[in-house]
Amino acid sequence: MKSRFLIAGALAVLMVSGAAQAHRQWMLPSSTTLSGTDSWVTVDAAVSNDLFYFEHFPMQTDNIVVTEPDGATGKIENAAKGRYRSTFDVHLTKPGTYRIASVSTGVMGSYMLNGKQERLPRGTTKDKLATAIPAGATDVQTAEMSNRNEIFVTLGAPSTTIFKPTGSGIELVPVTHPNDLVSGEAATFQFLLDGKPASDLKVTVIPGGIRYRDALGQIDLTTDKDGKVAVTWPQPGLYWLNASIGGGREGGPGGTGGEGGAGGAGAPPAPRPQAPAGPPQRRAAYITTLEVLAP
Amino acid sequence: MQISHRLALTGAAALGAAGTAAAPAIAQTLNLSVNIPRLSVAEYHRPYVAIWIEKEGAAPRTLSVWYDVDKAKGEGTKWLRDVRQWWRASGRSLSFPADGVSGATRAPGEQKIAFTAGKGPLGALGPGNYTLIVEAAREVGGREVLRLPFAWPPKPGATVKVQGSSELGAIALTFGK
């Protein structure tokens with residue numbers, strides 16, 4: 001039981017959104033649409049239950065990368081970490097769309113050594129995998145993870161240079177530009193997984209302002225064969241969008257993709273079956289915050 | 001209906017051609033009267049106002065933008081995006097100050113502005129159904145968008161009127177020669 005919680009904890013930290021259904025990671029820009037030739041945005045970044053209230057944990061800002069409209073690498077300024085949220089600024093001086101992204105990749109997994117199950121240390125990367133697993137280890141299970149949390153802000157007219165896919169993890173390709181959203185109008189986005197259209201990807205959209213309404217208002221979507229989804233925004237405001245694969249612990253208690261026996265509170269947890277070592281499972285998560293304007 | 005429309009169309013085309021060749025003084029104008037309401041609020045700022053025209057299948061055309069043009073380093077442009085619908089339709093692809101389009105914010109009361117067909121920001125208008133849109137956004141205040149549909153060329157004596165309810169008052173579009 002205890003170890004199961006430890007595992008769940010590790011998953012929550014590493015998977016950010018996929019496994020941690022309760023906590024939602026997000027970045028919230030002060031503005032997504034800006035005019036003039038020299039503007040600033042302030043971004044709040046947090047992990048919380050409600051959207052977009054900071055009441056749980058600040059988000060790490062160490063690996064946030066700003067990509068400027070021309071593809072150059074920008075920077076975050078005035079970064080600070082509080083008890084519940086982090087905050088930082090981005091100075092916009094070039095016309096077009098900026099990407100502000102926190103991207104992480106790694107490998108998680110476990111192996112048996114001398115009759116004990118050991119877990120790969122946090123921060124293990126694919127190229128260090130060989131050295132991370134000691135000689136004599138058996139029942140090696142690994143899962144490659146890619147997490148991307150990104151937001152877009154536009155100075156002047158929207159541009160699309162920054163949307164060139166990297167081919168790693170889940171990525172968004174605009175059909176409708178994410179800084180050109182108006183309530184009542186349908187917006188279409190394409191999602192890629194490792195550079196290829198991600199068909200049958202579950203995409204969840206939740207409007208912000210949860211604290212002041214009873215219903216979550218969640219919109220559940222599935223990408224088509226081209227990896228595309230269309231969203232019609234019910235009202236203006238901020239929306240949190242999340243897409244992930246492989247977040248559930250397949251083969252574990254609760255069945256495929258289950259939340260580890262969450263449904264069987266009374267029953268003793270079944271021992272976690274050891275699946276045979278195989279090709280790495282793919283786990284990927286994508287998060288963005290979208291601002292939808294009033295018509 | 002369609003026949004009279006066609007007649008008006010050919011008539012205007014002929015008129016336009018004759019007008020440009022012989023006497024530019026008779027070029028057609030759009031005369032717009034925009035009433036900015038006097039609001040009794042603790043903190044009043046004159047509204048940013050954008051006026052533009054749209055026609056299905058054509059790029060929107062900005063006719064006039066009233067904003068804080070005199071602020072140092074063009075800082076007034078920072079708030080242009082608050083005129084949201086105009087910003088999306090047309091503003092964000094312009095550079096400011098825009099020649100013949102930008103102007104200072106205007107005081108409450110009736111503001112008159114005229115645009116000449118074939119000239120300036122209005123340019124040449126092909127026949128068809130247009131919408132003239134007036135959008136006002138006020139610092140620490142609200143926003144209002146009003147739409148005035150009109151046919152081009154206009155029928156003699158045609159007027160379009162619309163009444164605002166918060167950030168804009170009465171707006172009237174008349175056509176002159």
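A:Ser110 stands opposite A:Arg119 in E10(A). E10(A) covers residues 116-119 of chain A and is joined to E9(A) by four bridges, the two strands running antiparallel. Strands (E, at least two residues) and helices (H or I, at least four) are DSSP runs numbered from the N terminus, and two strands pair if DSSP finds at least two bridges between them. Two residues separate E9(A) and E10(A), which form a hairpin; in its turn, A:Asn114 has a positive phi of about 50°.

The model is predicted: local features need pLDDT of at least 70 and side-chain atom pairs count only at pLDDT 80 or more, while totals for chains, interfaces and linings use all residues. Residues are numbered from 1 along each chain as its sequence is written, chains are lettered from A and ligands numbered from 1 in the order in which they are written, and side-chain values use heavy atoms, with hydrogens and water left out.

Why is strand E9 of chain A largely enclosed by the rest of the structure? Of its 18 residues (96-113), 13 are buried, so the strand is largely enclosed. Buried means under 20% relative accessible area, exposed over 50%, and partly exposed in between (1.4 Å probe, protein chains only).

A:Thr97 lies in strand E9 of chain A and is buried, with a relative accessible area of 0%. The side chains of A:Thr97 and A:Thr154 are joined by a polar contact of 2.8 Å. A polar contact is a pair of N or O atoms within 3.5 Å; within protein, one must be able to donate a hydrogen and the other to accept it, and residues adjacent in sequence count only if both atoms are side-chain atoms. Leaving aside neighbours within four places in sequence, A:Thr97 is in contact (heavy atoms within 4.5 Å) with residues including A:Thr67, A:Phe152, A:Ile162 and A:His177.

Strand E12 (residues 170-174) of chain A is also largely enclosed by the rest of the structure, because five of its five residues are buried. A:Ile170, A:Leu172 and A:Pro174 point one way from E12(A), and A:Glu171 and A:Val173 the other way. E12(A) pairs with strand E13 (residues 186-193) of chain A in the antiparallel sense over five bridges, and A:Glu171 has A:Leu192 of E13(A) as its bridge partner.
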